[in-house]
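Subject: Handing over a structure

Hello,

Here is the structure I promised to pass on to you. Please have it open while you read, and my notes follow below.

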Amino acid sequence: MTAALEVLHASKSFPGVKALDDVSLTLQPGSIHALLGENGAGKSTLIKIVTGLHRPDAGEVRLNGQAVGFANPRQAVAAGIGAVHQERNLVTRFSIGENIMLERLGAHALSPIDYGQIHAEAAKWLALLDLYIDPRRPVSSLSVAQMQLVEIGKALALQTRVLLLDEPTASLTPNESQVLFGILRRLRDDGVAIVFVSHKLEEVFDLCDTVTVLRDGRNACSGVPLKDLDRQAVVKMMIGRDERIAKRAPRPRAETAPYLELKNVATSAGHRDISFSVRPGEIIGLYGLVGAGRSELAKAILGQIRRTGGEIRVAGKPAAIASPADALHKYGIGYVSEDRKQEGLILLHSVLGNAGITVWRRLSNALGFLRDRTIIDHTAPVLRQLEVKTPSVYQTIGNLSGGNQQKVSVAKWIAAGVKLLIIDEPTVGIDIKTKAYLHDLIHDLAEQGTAILLITSDMPEMVDVADHILVMSGFAIKGEVENDRNYERVSQAIMGFIHDNASTGAAA
Amino acid sequence: MNDSKLTRAFDNDWIGPALVSLVAIAAISALQPSFLSSFNILVLLSAIAVNMLIALGQLVIIAVGQMNLALGSIGGLVAISFAAMMEIWHLPPLVAMGGGLAIGVIAGMASGFVIARTGISAFIITLAGLQIFKGINLGITEAQPFYGVPQSVKDFGNVALAGPIPWLVLPMVAAAVFMWVLFNRLRIGRYILAIGGNRNAAELSGINLDTTVIWAHALSGLLAAGAGMMLVARLQIGHPAIGEDWLISSFAAPVIGGAILSGGHVSVVGTFFGVVIIAIITQALVLFAIDPFVVQIVLGALILWAVGINRLREMRVARAKA
């Protein structure tokens with residue numbers, strides 16, 4: 001049987017990093033293929049090569065045995081390769097039908113659009129996905145899960161024979177995921193080759209036929225039947241060693257008075273009845289799936305999202321935090337964003353410009369004068385302590401590796417001397433070594449008395465780092481788990497709270 | 001590593017425009033020796049002085065990642081108010097100047113306040129501002145110039161300080177030095193660049209967006225006011241059309257000088273050479289009696305060249321991000 005798609009010995013380098021090194025991937029028609037690897041292992045680069053966003057430096061892509069070289073994503077789409085990315089790519093104000101048929105609204109740019117025909121055609125694809133909704137409805141009226149199906153429908157409508165799904169279940173409830181899997185199995189039986197990228201190994205074993213694992217930009221395995229593997233073996237390939245057994249002893253909960261306290265907080269983003277507290281020296285973990293409302297909660301604490309009810313207390317006193325500037329300068333609260341590039345750093349500016357941004361206000365004199373020397377004196381010790389690797393503090397930060405960038409985005413808060421640090425997904429896209437380093441750093445900060453709220457959807461990270469875990473789903477806290485570092489017990493307890501939520505249909 | 005090359009390119013925003021200026025001066029004076037005559041240099045420096053303030057007024061808004069379409073209309077309003085205060089109320093020039101600067105700051109702050117509080121794009125707000133300030137201008141002047149400009153003001157705009165150097169160079173030097181200090185040594189300047197570089201990151205790092213944006217627009221208004229009054233001195237009348245032709249060159253000079261239009265990176269020295277290049281081209285075409293429309297075409301081509309170079313750099317930064 002000819003492979004539907006083959007990537008042969010592909011390599012790809014970016015300035016300062018070799019993202020892919022001699023990687024191969026073979027997809028058979030009528031099978032679901034798992035693509036696994038830790039963040040930064042090269043999965044997204046490989047997907048971008050297959051979908052025509054990147055060209056490999058070496059190696060080739062073959063479609064049905066023919067070598068192809070996509071110059072842009074349109075050519076990949078035309079060749080029958082469809083991708084549904086982690087983030088939604090729909091024009092939400094347009095109708096479902098228009099979105100599905102967006103590439104073919106008319107024969108040429110000036111053709112009048114036949115909406116009747118477009119919606120009739122779209123309805124066919126929706127029916128194939130068991131999605132019986134009016135294609136005239138705007139996409140904005142759909143749930144996240146439905147939008148995902150519409151994107152799959154859009155891909156299929158373009159005669160897709162190779163379908164790539166990047167973390168399709170990240171924002172779905174378990175029930176919605178099962179519906180999606182049913183549809184994927186049917187597509188597989190119709191002969192579509194499917195690539196399934198996920199961090200959730202349970203799903204991979206449930207759904208997929210074969211697996212390719214990437215580690216540090218290389219193949220840890222390529223196209224192995226999953227029935228020959230067990231979870232331990234897959235994890236070992238992903239991280240290069242046996243699954244980590246918690247190495248830190250559980251820490252007793254601090255006895256001190258809470259630094260941050262939330263009481264029945266409700267927000268305009270939709271949170272309701274959120275209550276918890278963080279004490280100095282304590283690491284409180286906030287676990288939840290994408291879309292559970294965790295980052296939004298952080299932004300509500302920072303005053304960016306309006307609080308509509310309840311009370312926030314800082315150091316025992318009621319706090320009215322109006323803006324992140326308030327949070328930092330009046331209450332000593334810092335936030336390491338999950339989105340380093342969009343919200344964390346100014347990539348165009350120097351390491352110094354980024355590390356010092358939180359202390360400018362403190363270090364300038366009465367006339368507002370700032371000297372580089374003063375800022376360096378305050379930030380250099382922290383940058384050294386965190387072992388940030390940069391030729392000089394004047395280096396443009398966009399040129400540093402992701403790990404070093406992340407260190408700087410933590411360093412600026414340490415330099416500011418915050419009392420409470422909210423850390424949102426600290427190790428996304430970070431190599432394993434820096435990841436372990438950041439975990440140690442968070443731990444050390446807590447030991448030195450900083451109160452820490454750790455947001456992560458990385459289960460091993462949560463079990464490894466947090467003292468006490470809150471489980472969030474649907475913008476509410478569903479439960480608390482005392483972390484005794486017993487991975488099996490803790491992860492099952494956490495998933496229990498999340499599944500519980502799904503089965504009672506509480507998700508808004 | 002290509003890091004150092006990129007850094008160097010950023011550090012040296014002004015080298016390219018400076019070289020272009022020098023080559024242009026050399027070439028033109030070779031063909032037309034009168035280009036370096038004392039009188040011509042005086043005229044050239046006067047134009048550069050005024051245009052530098054105009055360019056700096058736009059530069060501070062570019063730095064914060066916005067654009068100010070009302071720059072010329074604020075400058076025009078200040079120009080006629082300045083002349084009117086002296087002609088109608090017989091205020092001494094220095095007092096009228098203080099009033100003019102205040103009007104500029106207030107007009108800028110008003111734009112900045114509306115932009116910061118509503119979150120509507122600066123393009124729209126300053127477009128509305130352009131119309132409003134122009135309307136006030138025409139309401140006051142009824143489209144007639146004010147002629148009663150005192151001799152001391154006229155002298156300031158037309159007499160040489162020393163040799164071929166006009167008095168007008170003084171406010172230019174003051175403004176340029178101040179702006180350089182602002183972007184390199186003052187907290188508010190760093191805030192402006194941080195917001196232009198990444199608004200979200202700046203806000204989450206504890207920078208007050210509203211205050212900083214209002215500051216930037218107030219400064220822009222102040223510089224526009226300065227330029228408007230310098231033009232009154234130079235033209236010797238308070239003409240209601242002052243400011244109408246500022247827009248293109250206010251963007252062209254900073255961009256030629258290496259400013260990134262999306263914000264976060266500007267060069268005061270580069271902007272100066274941008275202003276110089278535009279002034280030389282304009283002058284040369286007059287000297288060679290070339291049709292004025294060619295000036296427009298050459299200026300347009302220069303902008304394309306400058307943004308092309310900018311784009312190249314952005315792509316290098318983007319690649320570094322990937």
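Let me begin with one helix in chain A. α5(A) has 14 residues and reaches 20 Å from its first C-alpha to its last, close to the 20 Å expected at 1.5 Å a residue. That expected span is 1.5 Å times one less than the number of residues in the helix. Helices here are DSSP runs of H or I with at least four residues, strands are runs of E with at least two, and both are numbered from the N terminus.

A word on the ground rules: this is a predicted model, in which local features need pLDDT of at least 70 and side-chain atom pairs count only at pLDDT 80 or more, while totals for chains, interfaces and linings use all residues. Residues are numbered from 1 along each chain as its sequence is written, and chains are lettered from A and ligands numbered from 1 in the order in which they are written.

Back to α5(A): 12 of its 14 residues are buried, so this helix is largely enclosed by the rest of the structure. (Buried means that 20 or more other C-beta atoms lie within 10 Å of a residue's own; exposed means 12 or fewer, and partly exposed is in between, with C-beta atoms placed from the backbone.) Among the buried residues are Met147(A), Glu151(A) and Lys154(A). The cover over them includes β6 (81-84), α3 (96-100), α4 (115-128), β7 and α6 of chain A. Just after α5(A), Gln159(A) has a positive phi of about 55°.

The next helix, α6(A), covers residues 174-189. With 16 residues, α6(A) reaches 23 Å from first C-alpha to last, close to the 22 Å expected. Its buried residues include Leu180(A), Leu184(A) and Leu187(A). Seen down the helix axis, the buried residues of α6(A) fall within an arc of 115°, so they line one face of the helix; the arc is that of the directions from the axis to the C-beta atoms. The face turned away from that buried side carries the exposed Gly182(A) and Asp189(A). Packed against the buried residues of α6(A) are β3 (32-36), α5 (144-157), β7 (162-166), β8 (193-197) and α7 (201-207) of chain A. Gly191(A) follows α6(A), with a positive phi near 100°.

As a whole, chain A has 18 helices and 20 strands. Buried residues account for 48% of its 508 residues. The C-alpha atoms of chain A fill a box of roughly 70 × 50 × 50 Å along the principal axes.

What does chain B bring to its contact with chain A? The contact takes 27 residues from chain B and 33 residues from chain A, where two residues are in contact if their C-beta atoms, placed from the backbone, lie within 7 Å. On the chain B side, α9(B) gives the largest share, 5 residues.

Chain B also has a record to look at. UniProt, in an unreviewed entry, lists "transmembrane region" for several spans of chain B, including 122-140 and 160-183; such annotations may be inferred rather than shown by experiment. In the model, residues 122-140 of chain B are 100% helix and 0% strand, with end C-alpha atoms 26 Å apart. Residues 160-183 of chain B are 62% helix and 21% strand, and their end C-alpha atoms lie 31 Å apart.

Best wishes
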